[in-house]
Protein chains: 2
Amino acid sequence: MAHWQAIAPAAAQEVEHPSSLVVEFGPDRPLALDCGASLSPFTIAYQTYGELDAQRSNAVLICHALTGDQHVANVHPVTGKPGWWETMIGPGKPIDTDRFFVICANVVGGCMGTTGPASRGPDQVKPWALDFPVVTIRDMVRAQAMLIDHLGIDTLFCVAGGSMGGMQVLQWAASYPERVFSAMPIATAARHSAQNIAFHEVGRQAIMADPDWKGGHYLLEGARPEKGLAVARMAAHITYLSEPALHRKFGRKLQERDAPTFSFDADFEIESYLRYQGRSFVERFDANSYLYLTRAMDYFDLAADYDGVLARAFGKTRTRFCMVSFTSDWLFPTADTRAIVHALNASGASVSFVEIETDKGHDAFLLDVPELFATSRGFIDSAAHARGLPPAREA
Amino acid sequence: MAHWQAIAPAAAQEVEHPSSLVVEFGPDRPLALDCGASLSPFTIAYQTYGELDAQRSNAVLICHALTGDQHVANVHPVTGKPGWWETMIGPGKPIDTDRFFVICANVVGGCMGTTGPASRGPDQVKPWALDFPVVTIRDMVRAQAMLIDHLGIDTLFCVAGGSMGGMQVLQWAASYPERVFSAMPIATAARHSAQNIAFHEVGRQAIMADPDWKGGHYLLEGARPEKGLAVARMAAHITYLSEPALHRKFGRKLQERDAPTFSFDADFEIESYLRYQGRSFVERFDANSYLYLTRAMDYFDLAADYDGVLARAFGKTRTRFCMVSFTSDWLFPTADTRAIVHALNASGASVSFVEIETDKGHDAFLLDVPELFATSRGFIDSAAHARGLPPAREA
């Protein structure tokens with residue numbers, strides 16, 4: 001047995017034991033990557049919920065965000081917490097698992113069972129580390145299409161996701177228009193902004209500055225760049241919230257004391273909250289995966305593949321779109337969504353667009369935002385009707 | 001000679017050789033600190049420009065921001081770059097050194113000659129490091145008042161500064177209302193927001209995560225937490241700019257190439273720009289000073305000393321205020337300035353308030369923004385007239 005297994009962190013162990021369904025693609029089914037390399041063999045770890053109907057017409061693919069994974073609607077095997085989108089997906093929920101067959105796969109480059117930098121590399125012993133090829137959002141979607149083929153599904157009833165998940169939804173609609181009946185990209189953009197690239201670069205530099213990163217070979221060397229990854233997460237986490245939400249939740253409240261300590265302890269509640277976010281993240285996420293997935297988002301520029309004209313990405317699409325943004329999301333502001341809506345309009349697509357008023361920031365797509373659920377339910381029900389799917393059961 | 005000197009970085013050397021005027025306060029003149037400790041002996045390093053008039057009535061105190069120093073209008077002795085506010089201060093400039101005696105002092109806790117954590121500690125051999133007491137904005141202002149006393153100046157014609165400098169201006173007006181004839185706090189706030197505390201905490205965690213920080217004792221151990229400090233600077237630097245400015249300057253432009261490298265090299269111009277910002281910062285700044293000065297900003301809450309009522313901080317002030325904010329400053333947004341203006345109005349102060357339209361973000365106060373210069377010139381000239389100072393010479 002290889003040495004690195006004994007010293008692998010939770011994330012790498014998950015690559016070996018994903019607590020999920022897996023599909024292995026052998027040498028006969030390589031994944032062609034945008035960088036020119038191909039990945040073979042490779043594994044996709046995924047979860048499903050509900051049942052595929054006889055016509056194979058009720059499948060919904062959920063695409064996860066940067067630090068999400070396939071455990072969208074079940075207790076997470078590492079953290080023990082509820083699935084990351086149980087507010088949206090489940091029996092009777094807007095994406096109703098009594099009606100739909102819901103699939104969620106860990107992305108290529110991830111660390112929860114799908115092949116990524118913590119997976120065994122070409123020698124089948126050592127982890128890939130930085131020899132793993134740089135992947136793109138389109139690569140992630142190409143891998144998902146192979147999974148959908150494997151499941152015998154021709155057309156997805158819906159593809160939905162927020163943030164990096166939304167990028168995948170847009171890429172699905174562009175790459176496989178005939179396979180996407182409806183699409184719900186939430187709090188996302190057709191390309192990553194300079195400011196967002198900048199924040200990602202800070203996170204990557206924080207990880208690579210940690211001597212325990214060891215040039216990417218930390219798994220082999222029995223280390224983990226926990227401090228660097230925690231700093232990366234802390235910086236990113238601020239961008240997922242909004243100033244009003246932070247002010248409402250934390251303000252300048254001191255922790256369990258009346259006066260400042262005049263020290264570098266976590267005097268303010270926001271400080272201990274951020275430190276907790278950093279600490280808990282490193283328990284479930286692989287640092288190299290963080291490098292690869294942030295890079296994939298930075299590279300995302302859907303129009304670039306179509307001579308810089310975003311509308312061309314959607315050609316003569318017949319997909320029905322529902323675009324959602326949030327007023328206080330400064331990471332993927334409404335202007336980014338509006339640019340997509342304009343492109344969809346220019347290509348004659350069916351698109352509805354809702355900007356939801358909330359102070360919850362970018363993370364609103366994961367939180368209890370009734371208007372998001374109502375919007376999603378309405379869109380899904382209407383698309384299901386158009387698709388000829390049976391209506392929701394009476395409650 | 002103590003061992004640590006031989007291995008001290010530029011910043012610590014500057015503490016020993018500040019290339020500035022210095023005043024040393026001996027055991028008979030301790031600096032009483034908000035934390036309860038007192039600092040004695042201690043040194044203030046400062047620069048002056050222009051000449052003090054016979055009535056000692058034309059002195060302008062400039063308060064520097066987090067990473068600024070006393071070299072406001074002369075070539076910086078470490079970087080060789082122009083002074084940080086030469087656009088504003090100099091012969092014929094809005095703060096005209098042909099008319100005014102301009103003083104700028106390195107703050108207590110800084111690293112350019114004023115006593116701070118890199119200075120020799122109580123044993124006069126080892127640097128203070130984390131034994132240096134945590135200082136506040138009010139402590140900085142108290143030390144500046146001792147410098148002003150030392151210079152024989154009773155009333156300052158004007159106190160001006162942006163960001164952390166603006167906090168000091170507000171504190172001056174609150175602590176010594178009779179000594180401040182006019183005040184120009186720019187791009188600042190009466191208290192640091194939860195989001196700003198959060199960004200500072202990320203920076204501090206990045207520094208403290210660097211093993212070369214060595215629990216704060218890096219100077220003694222011949223190390224420097226350069227990587228951690230660079231990450232802190234990179235994260236902070238994003239907050240000094242604005243998304244539109246980043247987009248205009250960098251967009252998604254690739255560095256000297258046509259296609260992405262599919263690697264973690266600095267593909268995008270914004271990445272190499274940020275890395276450069278990080279690298280160049282560590283050459284001139286002490287990591288522990290960064291911890292102390294960010295902490296001072298976090299603790300700043302002017303109203304807290306006045307039962308939470310900001311207007312009381314300004315009592316029956318007769319200081320003339322000019323408040324300036326910038327539309328694209330999301331670190332110290334206009335709402336923060338407006339809160340101060342309301343408090344000043346409530347206390348019957350003379351206050352003018354200008355929100356300047358610019359996409360340059362928080363850093364606008366340091367940049368070429370003609371409306372800022374025009375506003376400053378108008379305010380200064382009018383205040384000088386009210387003070388009975390002679391008008392500007394004909395050009």
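**Domains, interfaces and backbone**

Chain A is divided into domain 1 (3–192 + 302–387) and domain 2 (197–293), with bounds that come from an automatic or database domain assignment. This is a predicted model, in which local features need pLDDT of at least 70 and side-chain atom pairs count only at pLDDT 80 or more, while totals for chains, interfaces and linings use all residues. Residues are numbered from 1 along each chain as its sequence is written, chains are lettered from A and ligands numbered from 1 in the order in which they are written, and side-chain values use heavy atoms, with hydrogens and water left out.

Q: How far apart do the C-alpha centres of domain 1 and domain 2 of chain A lie, and how many residues does the contact take from each?
A: The centres lie 25 Å apart. Contact means heavy atoms within 4.5 Å, and 41 residues of domain 1 of chain A and 34 residues of domain 2 of chain A take part.

Q: What makes up the area that domain 1 and domain 2 of chain A bury between them?
A: Buried area is the accessible area (1.4 Å probe) that two parts lose on being put together, summed over both. For these two domains the value is about 3100 Å², 67% of it on carbon and sulfur atoms. On the domain 1 side, A:L66, A:T67 and A:W330 supply 21% of the area buried against domain 2 of chain A, more than any other three residues.

Q: Why is the pair A:D359 and A:R248 called a salt bridge?
A: The term requires a side-chain nitrogen of Lys or Arg within 4 Å of a carboxyl oxygen of Asp or Glu. The closest N and O atoms of A:D359 and A:R248 are 2.7 Å apart, so the pair meets the rule. Across the interface of domain 1 and domain 2 of chain A, the rule finds 1 salt bridge.

Q: What does the contact between chain B and chain A consist of?
A: The contact takes 52 residues from chain B and 52 residues from chain A. The area buried between the two chains is about 4600 Å², with 71% given by carbon and sulfur atoms. B:R252, B:F262 and B:F264 supply 19% of the area that chain B buries against chain A, more than any other three residues.

Q: Why do A:E201 and B:R275 count as a salt bridge?
A: Their side chains meet at 2.4 Å, N to O, and because the limit is 4 Å, the pair qualifies. Across the interface of chain B and chain A there are 10 salt bridges, and 28 residue pairs are in polar contact, both at pLDDT 80 or more.

Q: Which peptide bond of chain A is cis, and where does A:P41 lie?
A: The bond joining A:S40 and A:P41 is cis, with omega about -5 degrees. A:P41 lies in the loop between β3 (38–39) and β4 (42–49) of chain A; helices (H or I, at least four residues) and strands (E, at least two) are DSSP runs, numbered from the N terminus.

Key:
Polar contact = N/O pair within 3.5 Å; in protein donor to acceptor, adjacent residues only side chain to side chain.
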